[in-house]
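Please have a look at this one before we discuss it.

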Amino acid sequence: MTGSVPRLVVAAPSSGSGKTTVATGLMAAFAARGLAVSPHKVGPDYIDPGYHALATGRVGRNLDAYLCGPELVGPLFAHGARGCDLAVVEGVMGMYDGAAGEGELASTAHVAKLLRAPVVLVVDASSQSRSVAALVHGFASWDPQVRVGGVILNKVASDRHEALLREALDSAGVPVLGVLRRAAQVETPSRHLGLVPVAERGAAAVEAVEAMRAQVERGCDLEALSALARSAGALSCAAWDAAEVLGAAEPAGPLQAERHGPRSSDGLRVAVAGGSAFTFSYAEHTELLTAAGAEVVVFDPLRDEQLPDGTAGLVIGGGFPEVYAAELSANEPLRKAVADLAGSGAPVAAECAGLLYLGRELDGLPMCGVLDVTARMSERLTLGYRDAVAVSDSALAVAGTRMRGHEFHRTVVEPGAGAAPAWGVRGPERRVEGFVQQGVHASYLHTHWASLPGVARRFVERCRTS
């Protein structure tokens with residue numbers, strides 16, 4: 001049964017403790033043993049799943065109880081883990097840190113409970129010895145429904161340091177399942193929004209993942225970790241399926257009301273931006289578009305001078321256009337092709353990086369000019385979950401449709417909203433943001449379409465009729 005795939009959740013007391021190193025290293029180590037490993041990431045992060053995919057040869061998938069709702073965490077996990085021997089779930093932030101003001105919602109601990117999965121706690125031991133026991137005891141006992149099955153000590157300085165840590169943890173009742181020494185070679189470079197994505201690093205990313213695997217193999221008890229994974233409780237939920245959920249999806253607008261199942265593509269093509277500048281996407285979006293009847297074709301705005309032949313709709317997700325602004329600007333033929341497609345009324349869905357690319361200019365460099373906005377880098381990080389409602393009818397949804405989203409950027413667009421805004425953000429900072437213009441829906445909000453699959457069907461139907 002897919003829901004009973006052995007699984008581990010890798011958590012930590014705080015960000016920067018080494019979750020990505022341990023989780024990615026475990027994935028690679030188990031895969032090297034010939035196991036089919038299913039990689040997952042708690043929360044909205046797009047970058048870590050790229051390293052997970054490199055380690056396992058499978059698509060990295062996100063489990064976000066805020067964006068998708070707690071009820072979808074199990075089904076989406078089971079969907080990703082189909083046919084696998086073991087799953088590793090990397091947590092987010094500190095183990096009990098979730099959506100601000102929402103209690104445990106979307107925290108690593110919350111997802112571990114939803115998955116009935118044991119937790120491996122990764123502790124940065126670089127500046128402590130006996131205190132590690134109090135730390136581990138606190139995390140293990142805070143919520144009785146969270147089962148901390150073991151600890152992995154990271155950044156241990158020496159044999160003497162390790163002995164002190166192990167002695168202290170003897171009284172905590174949580175077994176030590178691994179000890180990792182300080183190792184510069186497993187560090188991955190970061191910049192303004194976190195780790196540099198795999199797509200930008202090439203061979204260096206492969207070497208980093210290999211170093212993580214080697215370090216985990218040297219320092220961790222893989223047999224004990226595998227046994228812990230097998231102790232996970234059974235899940236009773238059915239696996240998520242794009243075609244099935246489209247059949248049962250709530251309408252996102254009148255265009256989809258007459259059809260309730262997947263269609264053949266009939267040559268209908270939806271182009272999806274990829275490459276180094278546009279690396280942020282959820283695998284389920286492509287699966288939903290395909291189930292709704294589209295042929296999805298990925299193109300690279302840094303290299304391709306034209307959209308794929310027969311493009312009827314365009315999806316431009318998140319990424320780092322600010323890093324590649326000069327190259328994107330220099331590709332004038334593609335900028336014109338995008339402007340022409342949008343000007344024809346064809347559906348265009350753009351999130352964050354896509355919004356910047358559709359603007360008039362980014363940091364003074366010409367972009368596609370579809371939207372009369374300018375964008376620039378900012379010192380201020382905008383980060384957080386958002387509860388939003390569609391303000392204007394668009395290619396994605398009718399006005400009044402509620403969705404949850406996530407913002408994560410260090411850029412500013414001026415103006416921040418058009419005459420027909422995309423979203424109204426609810427809560428203390430009530431505001432409108434984004435743009436609906438002809439077939440274009442452009443916004444800073446990243447959304448997860450699995451939470452409202454009808455948007456994919458509506459988008460594809462608009463592609464058919466525009």
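The points below take a helix pair and then a sheet with its helices.

1. Keep in mind that this is a predicted model.

2. Start with helix α1 (residues 19-32) and helix α2 (residues 48-56). Their axes come within 8 Å and cross at roughly 20°. Angles under 35 degrees count as roughly parallel, so α1 is roughly parallel to α2. The crossing of α1 past α2 is right-handed.

3. Now look at the residues in that contact. From α1 come Thr20, Thr24, Met27, Ala28 and Ala31. They meet Asp48, Tyr51, His52, Ala55 and Thr56 of α2. By class, the contact has 5 nonpolar, 4 polar and 1 charged.

4. Move on to the sheet. It is open and has 6 strands, in the order β11-β10-β12-β13-β21-β20. Pairing is mixed. Strands β11 (295-299) and β20 (435-437) are the edges, and each pairs on one side only. From one strand to the next, the twist averages 15°.

5. Check one pairing up close. Strand β13 (residues 348-351) and strand β21 (residues 440-443) run parallel, joined by 4 bridges. Val348 has Val440 in β21 as its bridge partner.

6. Two helices deserve a look here. Helix α13 (residues 332-343) packs on the sheet and touches β11, β12 (311-316), β13 and β21. The direction of α13 makes about 110° with that of β12. Helix α15 (residues 454-465) also packs on the sheet, touching β10 (269-273), β12 and β13. For α15, the angle with the direction of β12 is about 145°.

Technical notes: Residues numbered from 1 in each chain as written. Predicted model: local features only at pLDDT ≥ 70, side-chain atom pairs only at ≥ 80, totals over all residues. Heavy atoms only, no water. Axes fitted to C-alpha atoms, helices over the stretch in contact; angles between N-to-C directions. Parallel < 35°, antiparallel > 145°, perpendicular 65-115°, else oblique. Left-handed = near helix turned anticlockwise from the far one by under 90°. Contact = heavy atoms within 4.5 Å. Nonpolar A, V, L, I, M, F, W, Y, C, P; charged D, E, K, R; others polar. Pairing = 2+ DSSP bridges.
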